[in-house]
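Subject: Structure for you to look at

Hello,

I am passing on a structure that you have not seen before. Please open it alongside this message; my notes follow below it.

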Amino acid sequence: MSDLLVASGLVRAFGSFHAVDGVDLTVAEGTIHSVIGPNGAGKTTLFRLLTGILRPTSGRLDFDGDQIGGKPPDVVARLGLAQAFQTTNIFPRMTVLESVRAALVSRHRRTRDMLSWFHSRLTDEAMEVIDRVGLSEFADVESQTLSHGDQRALEVALALAMRPRLLLLDEPTAGMSPFESQRMVALVQGLTRDMGLTVILSEHDMDTVFGISDEVTVMHQGKVIADGPAAEVRANDEVMAIYLGS
Ligand code: ADP
């Protein structure tokens with residue numbers, strides 16, 4: 001299995017404070033890789049470095065052979081690394097279908113021959129993405145009226161509209177009922193199994209983490225303190241006792 005994303009010695013400083021402090025991370029294509037750690041560990045900062053929202057202070061970041069460290073978010077997204085963001089509140093009155101169509105338009109905006117392609121294909125392509133996240137029956141529903149779980153599924157759909165190879169999910173099951181969490185887990189597993197998508201996720205719920213992940217990276221105070229196959233990390237008593245409170 002080839003490595004899709006490789007971070008080497010990645011650092012992000014805010015003044016003299018290193019929120020991400022020399023992180024090495026290797027994510028194999030087609031796997032689900034969780035990044036966990038207590039609050040303040042540096043997970044969000046790491047995600048912002050991966051998506052280009054923040055520039056690394058030093059270190060390397062390679063995505064499929066491209067050095068992406070410091071490249072702007074739109075460039076990184078076009079290369080195939082997309083994050084699902086909590087964006088549904090921005091256009092609360094747009095329907096699910098309109099939202100996903102808008103995301104597809106943004107992906108295609110540089111294509112010259114898109115006008116002819118547009119009208120015939122856009123709805124079909126949007127419905128395919130909507131179906132993939134299980135929202136077909138809500139296509140014509142305003143996003144503001146969706147349940148919390150369905151809004152998060154829509155956010156995944158908006159990211160999938162970028163046709164990414166690597167999807168970043170920041171706490172995908174946060175605030176969800178057990179039923180909604182199970183559906184999100186099944187959705188993420190399906191993306192990897194059926195579409196070969198690679199997923200990096202940050203998650204607080206340890207049952208979800210160890211139920212879903214191939215690999216787990218544990219961060220603490222900006223550093224990686226454990227890293228490996230999920231079963232190995234779970235069996236690391238020191239990590240589990242000190243950092244995960246179990
Ligand atoms: P996590 O997502 O694991 O909770 P964060 O990446 O959000 O951790 O934060 C890591 C540390 O970096 C925290 O101590 C936080 O206060 C600090 N930090 C994050 N962003 C900034 C910023 N823009 N300026 C200063 N400090 C920051």
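A residue is called buried here if 20 or more other C-beta atoms lie within 10 Å of its own, and exposed if 12 or fewer do. Please keep in mind that this is a predicted model.

Helix 6 covers residues 178-195. By the definition above, S181, M184, V185, V188 and L191 are its buried residues. Viewed down the helix axis, they fall within an arc of 120°, so they line one face of helix 6. In general, residues three or four places apart in an α-helix point the same way, because there are 3.6 residues a turn. F179, A186, R193 and D194 are exposed and sit on the face turned away from the buried side. The buried residues of helix 6 pack against several elements, among them helix 5, strand 3 and helix 7. After helix 6 comes G196, which has a positive phi near 70°.

Helix 5 (residues 148-160) is mostly covered, with 10 of its 13 residues buried. Its end C-alpha atoms are 19 Å apart, which agrees with the 18 Å that 13 residues should span at 1.5 Å a residue.

Now the strands. Strand 1 (residues 3-14) runs antiparallel to strand 2 (residues 17-28), and 9 bridges join them. One of the bridge partners is T26 in strand 2, paired with V6. The hairpin has 2 residues between these strands, and G15 takes a positive phi near 65° there. Strand 1 also pairs with strand 4 (residues 58-63), again antiparallel, over 5 bridges; L61 in strand 4 is the bridge partner of A7.

Regards

Technical notes
Residues are numbered from 1 along each chain as its sequence is written. This is a predicted model: local features need pLDDT of at least 70, side-chain atom pairs count only at pLDDT 80 or more; totals for chains, interfaces and linings use all residues. Helices (H or I, at least four residues) and strands (E, at least two) are DSSP runs, numbered from the N terminus. The expected span of a helix is 1.5 Å times one less than its number of residues. Two strands pair if DSSP finds at least two bridges between them. The arc is that of the directions from the helix axis to the C-beta atoms. Two residues are in contact if their C-beta atoms, placed from the backbone, lie within 7 Å.
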